[in-house]
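Hi,

Here is the structure I promised to pass on. Have a look at it first, and then read my notes below.

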Amino acid sequence: APRPDLSQSLGVPDSCGQRGCHDDQTIEWSVEAYTTWYGEARKPHYGTVLAAAREGEPGAQDALIELVEDPLTTAIVRATALNLLAAFPTERNLPVMQRALVDDEPLVRHAAVEAVMAASPGALAELLAPLLFDPVRAVRLRAATRLAGDSQEFLSPEQSATLDRELDAYVTAMRSMLDFPSSGLNLGNLYEARGDADTAEDYYRKALAVDDLFFPAKMNLAVLLSRTGRDGEAESLLREVLAAYPEQYDAAYSLALLLVASGRREEALRFLDQAAEGLPGRSRVHYNRGLLLAQLGRDKDAEAALRTALQLEPQSVDYLYALIDFCARRGRLEEALALARRMIELHPGNRMGYDLRDAIQDSLSSPGR
């Protein structure tokens with residue numbers, strides 16, 4: 001059914017007015033007519049969820065999970081939701097991804113293979129090794145590329161042999177299509193995962209030779225160059241991406257981290273501000289921004305950023321530790337102690353929380369206080 005209200009709120013095409021029956025009317029007329037016919041109450045639309053996720057809105061994760069796990073939602077929408085869910089990397093995603101990996105829909109399984117994150121190469125191997133034998137070739141190939149590299153040593157001999165066969169088929173297919181920049185990108189990603197930085201760089205550059213504005217290859221090449229000590233060229237590439245695509249907030253984030261590493265903290269903060277504004281649901285951006293603001297002596301803003309990171313990912317040991325350290329260094333020991341106790345409650349098996357609690361308690365009971 002037509003949804004002119006979504007055309008108005010999301011900017012999607014209006015089937016009533018654009019090449020429709022009422023192309024002489026405004027979008028406002030379409031919305032009013034639709035409301036007259038169907039009333040104000042209407043079922044929530046997946047388009048609003050996907051749009052919120054693309055904007056990085058913090059509350060989008062819950063709605064994305066609902067979409068992924070709704071059996072009445074079409075496979076392509078569920079797969080899209082899975083891809084977007086990867087931008088909210090929290091522990092809550094793992095069981096969702098695990099269920100999606102065995103979903104009846106191949107498109108959903110493929111998206112889950114693409115999006116799933118694991119704590120270690122061994123954990124990734126455990127999750128994805130069964131998909132090497134998936135009945136759908138596209139799923140098998142994507143599983144193989146995800147397992148290339150460190151994860152392969154955790155596979156059984158049969159799984160490893162299957163992985164090698166699938167990767168050979170994948171490389172052959174990609175090499176036959178190098179006139180498409182995505183093929184060079186895919187091969188670059190594969191060889192980088194396998195530890196062959198020189199071949200990866202060559203394929204990234206092949207992709208850019210086909211299309212110099214193909215920003216995924218440019219960003220990946222920049223990260224590779226930075227990792228191999230060529231920060232100057234990496235910085236230039238990231239600036240090129242942002243000049244052509246200002247909305248590529250991941251490029252702003254990568255550039256900020258590079259600038260921090262080279263000691264240009266004030267300039268780095270400008271790009272971290274840009275990344276945080278464009279990726280409000282990305283907890284790690286707020287965390288790194290908080291650390292940098294603290295280094296720059298902007299305590300109020302630093303604390304707000306660190307608390308935003310923790311609010312987005314309440315169980316994160318890193319974020320809890322950062323706030324504990326922030327409060328303790330400023331003499332706010334009671335607040336630091338409460339956070340340390342929270343860390344113990346959330347992670348009773350982690351020794352760090354107990355050590356922090358004991359150290360803070362010792363400071364509170366010292367004669368000098």
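A charge counts as sitting over a ring if NZ of Lys or CZ of Arg is within 6 Å of the ring centre and within 35 degrees of the ring normal. Keep in mind that this is a predicted model.

With that in hand, R330 lies over the face of F326, at 3.8 Å from the ring centre. K206 does likewise with Y203, where the distance to the ring centre is 5.5 Å.

Y191 belongs to helix α11 (residues 181-193) and Y203 to helix α12 (residues 197-210), so the pair ties together parts that are 12 residues apart in sequence. Both Y191 and Y203 are buried.

Another pair is Y287 with Y319: their ring centres are 5.0 Å apart and their planes are at 35°, so this one is tilted. Since Y287 is in helix α17 (residues 283-295) and Y319 in helix α19 (residues 317-329), the pair links parts that are 32 residues apart in sequence. Y287 counts as buried because its relative accessibility is 12%, and Y319 is buried too, with a relative accessible area of 3%.

Is R140 buried or exposed? Its relative accessibility is 18%, so R140 counts as buried. Beyond its neighbours within four places in sequence, R140 is in contact with L131, L132, F133, D134, P135 and E166.

Cheers

Methods:
Residues are numbered from 1 along each chain as its sequence is written. This is a predicted model: local features need pLDDT of at least 70, side-chain atom pairs count only at pLDDT 80 or more; totals for chains, interfaces and linings use all residues. Side-chain values use heavy atoms; hydrogens and water are left out. Buried means under 20% relative accessible area, exposed over 50%, partly exposed in between (1.4 Å probe, protein chains only). Contact means heavy atoms within 4.5 Å. Helices (H or I, at least four residues) and strands (E, at least two) are DSSP runs, numbered from the N terminus. Rings of Phe, Tyr and Trp (its six-membered ring) pair if their centres lie within 6.5 Å; planes under 30 degrees apart count as stacked, over 60 as edge-to-face and the rest as tilted.
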